Structures are given as C-alpha cells and as structure tokens.
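The sequence and the model are shown first, and the description follows.

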Amino acid sequence: MRRAAVLVSLTFLSSLAFGQSRRSPLDKFRQLEEILPTPNEYRTASGAPGHKYWQQRADYQIAVELDDVNQRIIGSATIDYHNNSPDTLRYLWLQLDQNIWQKHSDTPLTETAPDLKRFPLPIARRLMDDPFEGGYTIGPVRDASGRELHQQMNRTMMRVDLPSPLASGQSFRFSLSWEYKINNSKRTSGRTGAEFFKKDGNWIYEIAQWFPRMAAYNDVTGWQHKQFLGTGEFTLEFGDYQVKITAPNDHIVASTGVLQNPLEVLSPANRQRLEQARTSPKPVLIVTPAEAKAAEKGKPNGKKTWVFHAKNVRDFAFASSRKFIWDAQGHNVSGNPVMAMSFYPNEGNPLWERYSTQAIIHTLNIYSRYTFQYPYPIAISVNGPVGGMEYPMICFNGPRPLEDGTYSQRTKYALIGVVIHEVGHNYFPMIVNSDERQWTWLDEGINSFLQFLAEQEWEPNYPSRRGEPSTIVEYMLSPAHDPIMTNSESVVALGPNAYGKPATALNILRETILGRELFDFAFKEYSRRWMFKRPMPADFFRTMEDASGTDLDWFWRGWFYTNEHVDISLEKLTQYTIDTRNPEIEKPLSKKAKEEEPVTLSAQRNKPLRKRTDDYPELLDFYNKWDEFAPLPSEKRAFETYVKGLEEDERKLLDPSMNFYALDLKNIGGVLMPVILEVEFNDGTKEELRIPAEIWRRQSNSVTKLIPTRKEIRSITLDPHLETADADLSNNHWPRRTVKSKFQLFKEDRDNKRNPMNEGKSDAAPPPSRNN
Amino acid sequence: MRRLLLPAITSAILATAHQFHFGHIDANWNSRAKTLELAVRLHADDLEQLLRQRHGRPLELDRDPQAEALACSYVLETVAFDQARLRCIGMEMTIHQATLFLEAPAAEPPRRGRFRSFSAHFPDQINTIQLLTDNRRTGPAIPFMAADQWKPLRR
C-alpha cells in the first residue's frame with residue numbers, strides 16, 4: 001500500500017479528485033429507448049398492457065383417435081377463430097409442427113455436418129437406411145357451410161384463405177381433419193412421441209403439438225409464422241377446448257382439462273379413490289402398481305372415448321397407456337382447489353410414487369406465492385419418453401430409476417427438478433403467454449429462476465443446477481456466450497443462454513440490486529399484468545423498473561444485450577492521512593517513514609566499512625549532527641499562527657487519526673455490477689460496504705473509491721458472498737492472495753477427503769495412464 | 001477424394017435435458033513443479049450416458065466402483081496436450097458435474113491441445129481449454145467445436 005499525506009485545504013473533502021484513466025467512450029447507463037420499441041396504446045411505457053390491448057382467441061372442438069396398433073393419430077377439429085384485432089384478415093395461418101418429421105423438412109436440411117469420423121447412430125439411421133418419415137396428412141378445410149377453402153402449405157405452416165375478409169370483431173368457423181405417424185422416441189426424440197417396452201409389448205404415448213394450431217396474430221409481429229425448426233417452441237392463442245380422445249379400452253388417459261365422462265371411462269373403484277384423493281393429505285393411488293402390471297398383460301377388447309374440457313388454455317396435450325399407475329391428491333392453492341396427479345409405469349417406481357405429486361403441489365405453492373393464484377383445476381406430471389416438456393395443466397418428465405429399482409442422487413434430483421420446472425411452466429408461458437418461437441428466455445429463464453426459488457424451499461442445500469451466480473461464470477467466459485436477446489433458433493447453447501443466465505440475472509437482481517421486497521413486488525406485478533396476455537421483453541423490462549422504482553436499463557443492457565462477463569478487479573489501495581501541519585505530529589511521522597524505507601544493497605555492504613570521519617571526527621559539523629526531523633521553533637510558531645486563524649469546526653478537520661483510503665477498481669469483464677466490499681481492519685473488526693453500480697456511471701472501466709475511516713485497513717475482499725458472478729476471484733483481494741486451483745485442492749485433499757457419493761470405490765481398478 | 005465414413009454404432013446416446021453440450025479444461029502449467037495440471041469438467045449426465053453405451057451396462061457415476069477408472073480411461077482417449085504423458089489422478093463428482101484431474105511432466109507450457117470429449121456424439125458439443133501459468137490466465141479460452149482436432153493454445 002502506498003501511503004501519502006494529503007495537504008489539507010479547507011475545501012479538501014469536496015475537491016480531491018482521484019482516477020486518471022481515460023473515459024470509456026460509451027455510456028453504459030444510457031437509456032434503452034434507443035433499442036426498445038416505442039410505447040403505444042397497446043403496450044405502455046410503464047410495461048403494462050395499453051388501454052387498447054387486444055389478442056385473438058381460438059376455440060377448438062376436437063375428436064381424435066389413438067391407433068395403438070400402427071402408432072398413428074387420426075383427428076378432426078372445428079375451430080372458431082375470433083378476430084379481436086383492429087385489422088381485417090383475408091387469411092389465417094396455422095402451425096403444423098409435426099411437419100418437422102417430413103422427408104424434406106427444413107430441420108434436417110439446415111443441420112450442419114456432424115463429426116464424419118464417428119457419428120451417432122440416430123443420425124446415421126436418418127441419413128441412410130431407416131429415416132422416420134412423419135408429418136401431417138391434412139384433409140380438406142371447409143367453412144361452416146361445408147364449402148372447401150383454399151389451403152397453402154409452407155413447410156410447418158399452413159395458410160387458409162377466407163371466403164370473405166374477416167373484419168375486426170368477427171368470428172370464423174372452419175373444420176379440418178388430419179392424421180400422422182407418431183415418432184418412436186427411441187429413434188426420433190422430441191417433445192412428443194411413443195415409447196415401446198419390449199419386455200411386455202406395450203407403449204406409452206405422450207401426444208403434443210398434435211393438431212393444426214392457430215398461429216398467433218399480435219400487435220408486435222402480426223402473424224407469428226416463423227418456421228418451426230425444433231428449438232423455438234411456440235406461441236399460441238387462448239381458447240376453450242372440448243376434446244374427445246378415443247383409445248384402447250384398457251388405456252388410462254391423462255390430459256389437459258377436466259374429465260367430463262368419468263362414469264363411462266373409469267371403474268367404480270377408480271372413481272371412489274379419486275373422490276377420496278380430493279381431501280387426502282397424501283397422494284392416493286387411483287390405479288395401483290399391481291393393477292397397472294395386470295393391465296400390461298391384457299389385451300383391449302374395444303375402445304373408450306374420454307371427453308375433456310379445458311377453459312382458457314393456449315394448447316392441449318395428452319398421454320395414454322395401459323401401463324400407467326395413477327396417483328392423485330387434492331390441494332388448495334390459496335383458495336383454488338386443484339387436483340395434482342401423476343401417471344407413470346411401474347418402471348418409474350419407487351421414485352415416482354414418492355416424489356412426483358409432492359413436487360407438483362410444492363411447485364403450485366411456491367410459484368403462486370411469487371406470481372398469482374394457479375387458475376386451473378388440474379396439474380399433471382406424466383412419465384414417458386419425453387425428457388421434460390410442458391403444456392397447459394400437463395407435463396411430461398423423463399427420469400426413472402434403474403431396472404433394479406435403485407436410483408442415484410442425480411436421478412432423484414433430476415426428477416424433482418424437472419417436475420418443478422415443467423409444472424412451473426403453467427405460469428410461464430402457459431398463462432403469461434410469451435412468444436417462445438422468438439424469445440426462449442422470456443419463459444424458460446423466468447421459469448428457471450422460479451424453479452431455483454422452489455428448489456431451495458424443497459430441502460436444505462438442494463443442489464440446484466441453475467440460479468446461483470457461480471453456476472453461470474463458465475458459460476459467460478465461453479466462446480458460445482450469446483446475448484440473451486438472441487432468437488431461439490440462433491442461440492448456440494440454449495441451456496445456459498436462455499435458462500441459466502437469465503435465472504442468475506434475476507437472482508442477482510433480487511438479492512443484490514433491488515433487494516427482495518422491491519423485486520418481489522415488481523415481479524408479481526409483471527405476472528399479474530400479463531396473466532392470460534402476451535408480453536414482450538420490453539414489457540418485462542419496463543414493468544420491473546416501473547414497479548420497483550429503479551432505473552435498471554444498465555442492468556438489462558449488460559446482462560441481456562451483451563455477451564460480456566463480470567470481472568471487477570481490486571487494483572490498488574493507497575492510504576492518505578491528513579497533513580495537520582503540526583510539526584510535533586508530522587515530523588515524527590516523516591522520520592518513521594524514512595526509517596521504513598528500504599536500505600540499498602550497497603548501503604548495507606558499506607555500513608561496516610570504517611569511515612574517514614571515524615578517524616578524523618573534526619570533519620563532522622552542524623549538518624552531521626542536525627536532526628532534520630526535530631521540529632524547529634519557527635515551524636511551531638507558524639503552526640500556532642495557522643491554527644489561530646481557523647474556526648472551531650475547521651480545527652476539528654485536522655484530526656491526525658483519520659485515514660483516507662483510495663481504492664482503485666477496474667472493470668475487466670465489461671458488465672457493470674455493484675461493488676461489494678468486506679473491509680477488515682487492523683483491530684480485527686470487519687465492515688461491509690455495498691456500493692451501487694452507479695459508481696461506474698461516469699467511468700465504466702475504472703474508478704477510485706475513497707474510504708474515510710479512523711481505523712487502519714488490513715485487507716479488503718470484493719464480492720465476499722459470491723453474489724455477482726465475478727469470473728476471476730484471484731483479483732478480488734487486497735492484498736492479493738494466492739488462489740489455489742481446483743487441481744491443487746483436489747490433490748491436497750485426495751488422501752483425507754472422500755466424496756460420500758463415491759463410497760464403495762475401494763474395489764475400483766487403479767486409474768489408467770496412457771502415452772500420448 | 002474419398003474417405004471412409006464410419007457410423008459409431010456404440011456411440012449413439014440420448015439427448016439429455018440440459019440442452020447444452022459443453023466441456024472445459026483448466027490447463028495450468030506449474031512453473032515450479034514443471035508439471036501440467038488439468039481439471040477437466042464434463043456434464044455428469046453426458047458422461048454417464050456415454051459410459052453406459054461404451055460398456056453396455058447401467059452404470060451410475062456416483063455409485064459404480066468402476067466409474068472413476070472408466071471415466072479416466074475415456075478422458076485420456078479424448079484429451080491430449082503436445083506429447084505430454086498424461087496420468088489421471090482421480091475424479092470428483094457433484095450432482096451435475098464430473099471433474100477429472102490429470103497431470104503430466106512438462107518443461108514448458110503446452111503449445112497445442114486436443115479436446116474431443118463428446119465431440120463424436122453431439123454435433124453441438126463445444127469444449128474449451130483455458131491455459132494458465134501458475135493459476136493465472138494467459139489469454140482467452142480456446143474453443144473446440146465438434147469437428148476440431150489439434151489446435152494451437154498459444155502463439
């Protein structure tokens with residue numbers, strides 16, 4: 001540390017300036033209005049829906065048959081499309097997501113080459129002998145009078161030309177039919193599919209994105225008919241659904257919506273158990289493992305049609321199998337009775353019976369606390385071929401134990417985590433209906449953030465994958481790091497970009513920037529404003545600022561619009577003390593400083609040499625004896641005169657015990673963050689200094705902070721609670737500390753540290769070596 | 001030019017839920033000990049799936065007594081630095097991540113590296129090597145896309 005005396009002038013405290021580095025050319029605090037869309041009567045500057053906000057609506061009546069012999073879907077639908085926009089429409093667009101399985105689909109065409117020395121079997125299969133050819137076969141589209149309408153295919157989109165323009169406020173009814181081959185998940189995985197169990201010859205079907213769905217039409221994009229390439233999921237219109245699902249009569253069907261005909265499709269025992277489940281404090285088995293096992297061995301002797309109604313949902317999905325165990329528990333979610341239910345095969349136990357329905361209820365409790373009351377009567381989790389995917393009231397989750405019924409910790413937490421995540425999607429984007437075809441993060445990132453909050457209330461020290469700042473550092477340093485505001489299909493690494501980084505950003509916003517009270521109020525306001533509506537990113541940014549009363553444009557800019565990372569460095573600490581001008585104080589200090597100066601090597605070696613003045617002391621005169629650090633009478637008189645001229649309050653400023661520390665900070669990573677300092681003093685006490693990010697507002701690359709204190713500083717630690725995602729901890733200490741690498745820590749601890757997960761490794765073969 | 005195309009029948013593994021295939025090596029050259037010290041971080045899900053496929057049994061990283069040896073063996077096949085004689089000294093597991101520790105004598109920092117863990121299995125696999133000397137970064141991380149082989153690590 002450099003120590004320097006400050007010459008006190010009476011304007012000292014206000015005029016002292018530190019920091020000599022060149023100014024950053026760009027103001028990182030400039031407002032986002034240069035990027036965000038101009039507010040209008042549909043979307044306000046405060047981030048709320050405008051007074052003329054509108055959205056379309058589509059109601060569906062669907063009849064569908066599940067062909068368990070050929071793995072096909074055969075459906076027909078009548079759709080009532082309501083034009084609530086101010087515009088007149090001459091055609092409608094529908095999404096045909098199944099067409100990504102067509103032979104010449106854009107999805108495989110636009111895939112880049114895999115490693116051609118060794119490439120995975122599914123890719124080989126698709127490219128060579130046995131490609132899966134799916135996609136819709138669409139029948140004629142007819143209006144309410146039976147007249148055939150012109151339809152135009154455009155890969156995963158279909159245009160239906162209207163017989164006459166559909167004016168604002170008018171509705172249009174039309175019908176169509178379709179069928180397609182269901183993808184076998186073992187060969188072609190996706191968000192929907194069928195899983196075959198060789199040992200008993202049965203299938204589990206998870207059926208989603210399975211009918212021609214109305215594309216969204218809105219005030220920002222017009223028709224959202226961006227092609228489906230497999231990553232950008234979808235955005236849809238809300239509506240009411242009446243769906244009749246015909247399946248083999250030994251199947252159990254789980255679906256979006258409320259079952260309308262339990263008397264026709266459920267046994268008396270099923271119905272009685274279901275009734276019992278409504279008030280049970282624990283999940284009740286509606287179909288037991290033994291009953292599911294027995295069903296696996298049976299054959300259907302006919303078909304059953306299950307009828308479901310769902311109100312105000314943006315989509316509809318279902319699952320069907322004779323292998324399903326079914327458990328349920330009624331739960332009151334802040335006043336709304338909800339039936340939480342899980343459907344899974346015996347292969348899912350013992351994991352599923354223990355965790356799935358519990359995780360559903362936990363999710364509804366936590367998410368409703370941070371957003372709004374869960375508005376639907378049903379929440380379902382299904383185990384089948386899909387790893388994790390969400391639809392209104394129902395979601396598909398993949399983790400299962402091993403065949404011997406045991407499971408690892410990772411499998412356990414993978415299941416709990418994915419159920420929380422997929423059930424949580426009911427809130428975002430199933431109810432807060434953002435556009436995932438354009439912005440994955442707006443639902444996945446927000447949902448991952450809430451998932452983190454829910455996981456941390458599941459059990460102490462829950463091992464969350466995402467949310468903590470340290471979990472995102474590696475990605476933010478990587479070459480795959482894209483700005484969060486990147487289109488869903490263009491993101492290189494979707495998981496950390498659209499899930500992990502926004503989850504961390506919101507966690508930092510909550511814990512470090514705004515604090516929990518301001519954040520939670522603003523976040524709830526966003527959720528409430530956009531419930532059953534379609535927000536855009538600007539609506540989120542603006543609402544969070546509007547309701548928290550905080551300008552966060554710098555935060556959105558750094559975390560959402562750039563691919564910079566966080567790395568703030570403690571560069572230097574300089575101690576300044578007051579120059580009291582009192583020779584009785586200053587001269588001894590100067591003497592001490594002189595004595596502390598290092599002695600040169602020559603001086604050290606010359607010291608023992610006999611000097612001439614040792615032999616001839618008469619050569620010594622006044623200057624050899626004078627103590628330059630002894631106060632002179634003239635200096636003492638000058639100080640007395642100086643003090644007499646000061647006012648009483650001015651004299652107090654000449655306090656020699658006051659220290660001023662100038663701390664030089666450098667922003668290496670680029671992203672602006674608050675500066676959080678833990679200052680340790682020589683007396684052993686500590687103090688935390690939390691400096692808002694606005695410290696960077698005039699100089700975004702380097703600043704100097706003045707710390708006045710009566711104590712002497714021993715050390716300073718930046719970001720002591722690891723709350724800012726700082727990428728390099730080696731420059732977070734003054735004085736610098738040696739930071740040991742993970743390798744060195746592992747090597748040191750290897751002999752006396754055992755990972756509890758790895759107990760039982762004593763029989764392991766010694767690690768191999770190789771010559772390269 | 002004609003080259004042989006070899007479908008890797010045993011390397012077909014399921015896509016995993018994290019949707020991001022990423023591996024990272026902190027490659028630290030210890031100037032005092034004259035050793036190269038590697039911490040190779042991989043997604044535990046991917047590594048487990050891969051070892052199951054390679055060895056044809058339902059192996060679990062956190063419970064199988066052979067897991068560390070098998071993981072070491074795989075990493076030693078897919079990671080290389082110059083002519084360094086790498087030795088795997090162990091593995092550390094968290095729920096989501098496996099870190100393998102490798103070392104080798106090295107008179108100087110490595111000039112070239114090769115990091116192909118999972119590259120043959122995921123077309124979107126991105127690996128990075130961060131070169132350090134005495135635990136301080138010497139430059140930006142070097143990316144390895146799925147098709148990349150040897151790459152220079154320093155000028």
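In chain A, the buried residues of helix H13 pack against helix H9 (441-456), H11, helix H12 (516-530) and helix H14 (553-560). The model is predicted: local features need pLDDT of at least 70, side-chain atom pairs count only at pLDDT 80 or more, and totals for chains, interfaces and linings use all residues. Residues are numbered from 1 along each chain as its sequence is written, while chains are lettered from A and ligands numbered from 1 in the order in which they are written.

Helices are DSSP runs (H or I, at least four residues), numbered from the N terminus. A residue is buried if 20 or more other C-beta atoms lie within 10 Å of its own, with C-beta atoms placed from the backbone. Because 10 of its 12 residues are buried, H13(A) is largely enclosed by the rest of the structure. Among these buried residues are A:Phe540, A:Phe541 and A:Met544. After H13(A) comes A:Gly549, with a positive phi near 70°.

For chain A as a whole, 41% of the 772 residues count as buried. The C-alpha trace of chain A spans about 130 × 70 × 55 Å along its principal axes.

Technical notes:
Helices (H or I, at least four residues) and strands (E, at least two) are DSSP runs, numbered from the N terminus. Two residues are in contact if their C-beta atoms, placed from the backbone, lie within 7 Å.
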